[in-house]
Amino acid sequence: MMRSRADLGVVTHLTLQELRGPAATVPSLCSEGTAVSMVENPQVLQAAAKTGVPGVLLCTSGNPSTAGWLLLRRLIADGMPVRYHGDFDWPGVAIAGRVLAAGAAPWRMAAEDYSAAVSGLPSDARLALSGTPVGTAWDTRLAVEMERRGVAVHEELILATLLDDLH
């Protein structure tokens, strides 16, 4: 079902019931060695489907649900390399920290990526970074740079860069 929907460019929402039901007995959700990309924002997923990006792209729609965590852990246990990108704001990097701690790799989540994203923002798209700062264990310079610049960058603002990577 997922392959057919992907061939049609249709986004598929997986439920906890599907992941724990008969599909859970399938040996693997992807072909061996398939690279999996994961994002936080559904706008990235929709744009990727619309432009027909190849490969597997998952979207957590914010903090992963139980189904999202189950899927992530299963993919990692099956040996699939999973890379994650999220928003450059404090809640976003907190989510990234949890996803990366579960075994995903950072994807454009370094201090240099943040700096490039901020530099590329038009002045009317600059949002003040607010909330409680959190650490970025995968790149300690990222949290420092975010505090220094004080600008939030949401994924939809760097959509073109993410889609280029996916293509």
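1. S119 sits in helix α6 (helices are DSSP runs of H or I, at least four residues, strands runs of E, at least two, numbered from the N terminus). Its relative accessibility is 51%, so S119 counts as exposed (over 50%; buried is under 20% and partly exposed in between, with a 1.4 Å probe and protein chains only). Leaving aside residues up to four places away in sequence, S119 touches R126 and R149 (contact means heavy atoms within 4.5 Å).

2. The model is predicted: local features need pLDDT of at least 70, side-chain atom pairs count only at pLDDT 80 or more, and totals for chains, interfaces and linings use all residues. Residues are numbered from 1 along each chain as its sequence is written, and side-chain values use heavy atoms, with hydrogens and water left out.

3. Helices α6 (residues 111-119) and α7 (residues 140-149) pack with axes 8 Å apart at an angle of about 25° (axes are lines fitted to C-alpha atoms over the stretch in contact, and angles run from 0 to 180 degrees between N-to-C directions). The two helices are therefore roughly parallel (under 35 degrees). On the α6 side the contact involves A111, E112, Y114, S115, V118 and S119, and on the α7 side R141, L142, E145, M146 and R149.

4. In helix α8 (residues 159-166), L162, L163 and L166 are buried. Viewed down the α8 axis, these buried residues fall within an arc of 100°, so they line one face (the arc is that of the directions from the helix axis to the C-beta atoms). They pack against β1 (36-39), α3 (42-51), β2 (56-59) and β3 (82-85). The face of α8 turned away from the buried side carries exposed A160 and D164.

Key: Angles under 35 degrees count as roughly parallel, over 145 as roughly antiparallel, 65 to 115 as roughly perpendicular and the rest as oblique.
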